[in-house]
Amino acid sequence: MAAVQGGMGDADIKTDIKTEPSADGFGNNNANDGRVLSASPGSTPVTPEDQQTLLAVLQFLKKNKLTESVEILRREAGLPENSLDPKANESAGAGSGGAAGIVDLEGGDASSLLSRVTGSSSAGAQAPTKGTVQSGSGRDQPDVSVVLSAYSQQGDPTLYKVYYRDLKKFIETVLDCHRAELSQVFYPLFVHMYLELVYNNHESEAKAFFEKFSGDQECYYEEDLRILSGLTKKEHMRGNETLLDFRTSKFVLRISRDSYQLLKRHLQERQNNQIWNIIQEHLYIDIFDGMPRSKSQIDAMSGSLAGEAKREANKTKVYYGLLKEPEIELPLDDEDEEAENEEGKPKKKKPKKDSVGSKSKKQDPNAPSQNRIPLPELKDSDKLDKIMYMKEATKRIRLGPDNLPSVCFYTFLNAYQGLTAVDLTDDSSLIAGGFADSTVRVWSVTPKKLRKVKSAADLNLIDKESDDVLERIMDEKTASESKIMYGHSGPVYGISFSPDRNYLLSSSEDGTVRLWSLLTFTCLVAYKGHNYPVWDTQFSPYGYYFVSGGHDRVARLWATDHYQPLRIFSGHLADITCTRFHPNSNYVATGSSDRTIRLWDVLSGNCVRIFTGHKGPIHSLAFSPNGKFLASGATDGRVLLWDIGHGLMVGELKGHTDTIYSLRFSRDGEILASGSMDNTVRLWDAMKAFDDLETDDFTAATGHIHLQDNSQELLLGTYTTKSTPVIHLHFTRRNLLLAAGVSQL
């Protein structure tokens, strides 16, 4: 793999971990969650609370034998020399009512110190400070005691049902135009009221509350409610990921100003402080001016673990255009020369290049600058491959509603090892599979067999100046139709070929991403950064960079010649299940079990788009060839279409009845293919879906558009297998559609 000049090296790039600031119930950002604690100067009076904090820090430093730091901090704080003596502190504590008692850390650790220090800052209706301990995997582990302290303030447990029922009755009686918007508060209020009851040991009241109101929640929260129903005791709440998700991220609701004023007035008139405190502390109300949204508009954007995305989250400019392709002369094809020499026939015209090819002639105004991120230089072999690609493009079939592609299906038979991932090379010459038995297998799908490079001793005998040196270095004795590669110690869940077909990436349950050479069929590097299963990995369209995502909720950007990640993309609330590079390689899209899709800027590490609307974990992503649109598929059986520039959902394709595991646009972007666990491949008219958009809607103050229910009009064809779920799709350079899956017979 070619090294990059001026690339993203260790010296010039910092690993960025981005998290979003929290906000209060009035839509105000509050970026003080991760505040740094500092000792007060000696001249400032030390309060009993401050003294307790300082003593805790001093005890911790002393325990870790940092005596010099202890002395410096003690002097700066103006504490007496015997302040760390337990007996002296006990007497001091007794004299002052125990306010400055000694903090015992003999059996404690860093997290208990953090909880002690940060826990003292929470009081009244204010949200407590979020204490997070960064684990080795880069996963934010919120301190449990700090998280749970949010539920320590309690009201009369018998009134919780009354409060909730009263609010429900009020919302059901308001005007229809406000009812749909205000109904959004039911679910987050239900969850937090239930958790408060459980935390304060009101188990019977919590059970009654859950049984009475859980059936009123939207159907797409069914899985979350199932997990919540298992939290029946205070002990169950400790270490529970679902609880931590709800507590550490504010549930976002988008409500019009008129609807919000109605809700606020009702709660103030009823003096319903219990519900108002929850709204202030746990909800982020994104208020907009204009007409309230309809029920269908709200349902289209709802369903994620933390509500909708804030509007400002999707306002950053995104350079979605394609980079200018290098100027490469396309030699005349033999067929073109023959056409010129035939008598009585006019010279054959070259087919017009498609929209992707035409982008290379001039710089796209929406494209990033060529050097925004360092990309690998083209080698001679890359230029030859570009020429082959351009030749294939001239023979490409133009697809459309009246000209659908042929579909070739690769069925894996007798795959007792358990097929878990599939990928094909860009030129469709190789297919690879990842298996549950931890192996990676590669097949040639052309008559050309797979060969290894000769041994070092044999390579020394080769004439390196000969024209066919690339053929001579290959060992014919090793030729076979497939190769098996061993190295992982767990099932292989993600697999990706490099654009030049020299390398293969695989990600596994063992927490590693491995880079394999397709010349020697051996493992070159094992990238270790994830401490949990890695669900997906993918090469950049230009090679060199790749992305991985997994159970630790973090996506990592790597370069093949760096054993540490260049970027860490942190923000998802659940497993990252799929990853995809933008065609210009400047952005990475990630889909998650938190039912959101995020778009990350490779240069800054920032999250520039958050898309919500799916009702289940996302398992497939695909960018349109022009880079302007993104398609996503999930366990809810829906394909959603997104406009990246405006940050809005622009289409919904319904038809599948099971999880969508693969999405692919045709090479010219006219057709979108979707493959599902329901044993079907469906073809959609992508061009019509995008052309029908009313661009004026994008400038509306509310930032919402009305989605047409035109799935049947856009569905061009359905291809059903006998009993083979579709787990991978691929369009060849001539627009033949290849599909792959493992037979269930």
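1. **Basis.** The model is predicted, and local features were taken with pLDDT of at least 70 and side-chain atom pairs only at pLDDT 80 or more, while totals for chains, interfaces and linings use all residues. Residues are numbered from 1 along each chain as its sequence is written, and side-chain values use heavy atoms, with hydrogens and water left out.

2. Residues 485-518 are 0% helix and 56% strand, with end C-alpha atoms 10 Å apart. Residues 653-685 are 0% helix and 61% strand, and the end C-alpha atoms of that span also lie 10 Å apart.

3. The whole structure holds 27 salt bridges, each defined as a side-chain nitrogen of Lys or Arg within 4 Å of a carboxyl oxygen of Asp or Glu. One of them joins Glu 203 to Lys 233 at 3.2 Å, N to O. This pair links distant parts of the chain, since Glu 203 is in helix α9 (residues 203-213) and Lys 233 is in the loop between α10 (222-229) and α11 (234-237), 30 residues apart. Glu 203 is partly exposed at 33% relative accessible area, and Lys 233 is likewise partly exposed at 35%, where buried means under 20%, exposed over 50% and partly exposed in between (1.4 Å probe, protein chains only). Arg 226 and Glu 223 form another salt bridge, with the closest N and O atoms 2.5 Å apart; because these two residues are three apart in helix α10, about one helical turn separates them. Glu 223 is partly exposed, with a relative accessible area of 42%.

4. **A salt-bridge network.** Asp 385, Asp 426, Asp 427, Arg 501, Arg 667 and Arg 733 are linked by salt bridges into a network. Within this group, the closest N and O atoms of Asp 426 and Arg 667 are 3.1 Å apart. The two partners come from distant parts of the chain, 241 residues apart: Asp 426 is in the loop between β8 (419-424) and β9 (430-435), and Arg 667 is in the loop between β30 (660-665) and β31 (671-676). Asp 426 counts as partly exposed at 30% relative accessibility, whereas Arg 667 is buried at 14%.

5. **Positive phi values.** Most residues other than glycine have a negative phi. Ser 428, however, has a positive phi near 65°; Ser 428 is in the loop between β8 and β9 and is buried, with a relative accessible area of 12%. Arg 501, a member of the salt-bridge network, also has a positive phi near 65°. Arg 501 is placed in the loop between β14 (492-497) and β15 (503-508), and is partly exposed at 24% relative accessible area.

6. **Positive surface patch.** Lys 161, Arg 165, Lys 169 and Lys 212 form a positive surface patch, for which residues need over 30% relative accessible area and no salt bridge, like charges being joined within 9 Å. Helix α6 (residues 160-173) gives the most to this patch, with three residues. Arg 165 lies in helix α6 and counts as partly exposed at 41% relative accessibility.

7. Trp 558 lies in strand β20 (residues 554-559) and is buried at 0% relative accessibility. The C-alpha atoms of Trp 558 and Phe 539 are 9.5 Å apart in space, and the two residues are 19 apart in sequence. Leu 197 is in helix α8 (residues 186-199) and is buried, with a relative accessible area of 1%. Between Leu 197 and Phe 209, which are 12 residues apart along the chain, the C-alpha separation is 9.0 Å.

Definitions and conventions
Helices (H or I, at least four residues) and strands (E, at least two) are DSSP runs, numbered from the N terminus. Patches are made of residues with over 30% relative accessible area and no salt bridge: like charges are joined within 9 Å, nonpolar side chains (Val, Leu, Ile, Met, Phe, Trp, Tyr) within 5 Å. Accessible areas come from the Shrake-Rupley method with a 1.4 Å probe; for residues, only the protein chains shown count as cover. Lys and Arg count as positive and Asp and Glu as negative; His and the chain ends are not counted. The place of a charge is taken as NZ of Lys, CZ of Arg, CG of Asp or CD of Glu.
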